[in-house]
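Here is a short briefing on one protein chain. Keep the sequence and the 3D view open as you read.

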Amino acid sequence: MKIKVVIPNSGMSRETLDARRRMLSPALPAGTELSVDCIPSGPRSIESNTDEVLAGPLMVQAAIQAEREGYDAFVVYCFSDLAVAAIRENVSIPVAGPGETALAAADMLSNRFSVITTVERNISRTYRRLLQNPTAQKKMVSVRALDLPVVQLREHPAATCERLKQVCRQAVEEDGADTVVLGCLGMAQYGGEVERAWGVKVIDPAFLAVAWAELSARLGLRPSPRSVASWGGL
């Protein structure tokens with residue numbers, strides 16, 4: 001089994017990408033091959049609709065190339081699930097979107113959940129996108145921001161974790177959340193301390209999406225031709 005993860009951020013070093021691969025590998029069964037790359041150009045982070053549009057074509061091309069290289073599933077490593085629908089029109093392998101996978105888990109596990117995003121200006125975009133999802137319409141009680149840009153989340157892990165605990169405390173005490181969804185994959189692995197501190201379930205989309213991709217490939221969980229149009233124009 002071979003799983004391809006592509007991060008829609010440009011300019012990431014091979015050392016950083018390999019660190020992500022090592023971090024994510026425990027989510028997969030032994031013997032599963034995991035490859036992590038980023039887009040070769042375009043935005044350095046996804047924090048606006050414009051960033052999504054600019055990175056989208058590169059993600060489609062990356063997925064097509066991954067299928068040609070024999071990968072069994074493709075992961076869009078971004079909570080925004082950018083270009084997921086377009087990618088599914090162009091490949092036959094399963095495509096995992098962390099956002100939609102996390103919301104499915106939140107539907108099963110939570111009564112009231114909050115989503116934690118990066119910066120304040122991202123709150124409105126996150127609301128508009130997530131409220132198209134029936135689970136968010138029913139159960140999402142807030143979207144809160146760390147006020148930390150994506151590129152800083154992993155540069156200062158202690159500060160990021162402390163800020164995350166503060167914002168999650170607000171979600172629990174002020175919004176009544178029983179579950180927290182990490183709304184940026186740069187927050188991956190930081191949820192454990194929040195769970196211990198506040199007794200809420202933290203849904204980490206990074207690990208969930210990778211595991212879902214492997215499960216989908218193993219069980220053949222992919223859209224039928226009747227549900228996704230095949231374009232194949234690239």
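Thr-160 is buried, because its relative accessible area is 1%, and buried means under 20%. The model is predicted.

**Thr-160 and helix H7**

- Thr-160 sits in helix H7, which covers residues 157-175.
- Which residues does Thr-160 touch, not counting those up to four places away in sequence? They are Leu-148, Gln-152, Leu-153 and Tyr-190.
- H7 has 19 residues, so at 1.5 Å a residue it should span 27 Å. Its end C-alpha atoms are 26 Å apart, which agrees.
- Gly-176 follows H7 and has a positive phi, near 75 degrees.

- Strand E5 runs over residues 113-117 and is mostly covered. Of its 5 residues, 5 are buried.
- In a regular strand, side chains alternate between the two faces of the sheet.
- Which residues of E5 point one way, and which the other? Phe-113, Val-115 and Thr-117 point one way, while Ser-114 and Ile-116 point the other way. All of them are buried.
- E5 pairs with strand E6 (residues 140-145) in the parallel sense, over 5 bridges. Ile-116 has Arg-144 as its bridge partner in E6.
- E5 also runs parallel to strand E7 (residues 179-182), and 4 bridges join them. Ser-114 has Val-180 as its bridge partner in E7.

**Lys-201**

- Lys-201 belongs to strand E8, residues 201-203.
- Is Lys-201 buried or partly exposed? Its relative accessibility is 40%, so Lys-201 counts as partly exposed.
- Val-180 and Lys-201 are 21 residues apart in sequence. In space, their C-alpha atoms are 6.2 Å apart.
- Leaving aside neighbours within four places in sequence, Lys-201 is in contact with Leu-109, Asp-178, Thr-179, Val-180 and Glu-195.
- The side chains of Lys-201 and Glu-195 are joined by a polar contact of 3.3 Å.

**The sheet with strand E1**

- Four strands form an open sheet: 4 strands in the order E2-E1-E3-E4, with parallel pairing.
- Why is one side of E2 and of strand E4 (95-96) left without a neighbour in the sheet? Both stand at the edges, each with a single partner strand, so one side of each has no neighbour there.
- In E1, 5 of the 6 residues are buried, so E1 is largely enclosed by the rest of the structure.
- The chain leaves E1, passes through helix H1 (residues 14-24) and reaches E2. This β-α-β crossover is right-handed.
- E1 pairs with strand E2 (residues 33-38) in the parallel sense over 6 bridges. Ile-7 stands opposite Cys-38 in E2.
- E1 also pairs with E3 in the parallel sense, over 4 bridges.
- Val-6 has a place in both pairings. It stands opposite Asp-37 in E2, and opposite Val-76 in E3.

**Helix H2**

- Helix H2 covers residues 49-68. At 1.5 Å a residue, its 20 residues should span 28 Å, and its end C-alpha atoms are 29 Å apart, which agrees.
- Where does H2 bend? It bends by about 35 degrees at Ala-55. A proline, Pro-57, follows within four residues.
- Ala-55 is itself buried. Other buried residues of H2 include Asp-51, Glu-52, Gly-56, Leu-58 and Met-59. Further along, Val-60, Ala-63, Ile-64 and Ala-66 are among them too.
- What covers the buried residues of H2? The cover includes strand E1 (2-7), strand E3 (73-76), helix H3 (84-90) and helix H5 (122-130).
- Just after H2 comes Gly-70, with a positive phi of about 90 degrees.

Key:
Residues are numbered from 1 along each chain as its sequence is written. This is a predicted model: local features need pLDDT of at least 70, side-chain atom pairs count only at pLDDT 80 or more; totals for chains, interfaces and linings use all residues. Side-chain values use heavy atoms; hydrogens and water are left out. Helices (H or I, at least four residues) and strands (E, at least two) are DSSP runs, numbered from the N terminus. Buried means under 20% relative accessible area, exposed over 50%, partly exposed in between (1.4 Å probe, protein chains only). Contact means heavy atoms within 4.5 Å. A polar contact is a pair of N or O atoms within 3.5 Å; within protein, one must be able to donate a hydrogen and the other to accept it, and residues adjacent in sequence count only if both atoms are side-chain atoms. The expected span of a helix is 1.5 Å times one less than its number of residues. The bend at a residue is the angle between axes fitted to the seven residues ending there and the seven starting there. Two strands pair if DSSP finds at least two bridges between them. A crossover is right-handed if, with the strands pointing away from the viewer, the path from the first strand over the helix to the second runs clockwise.
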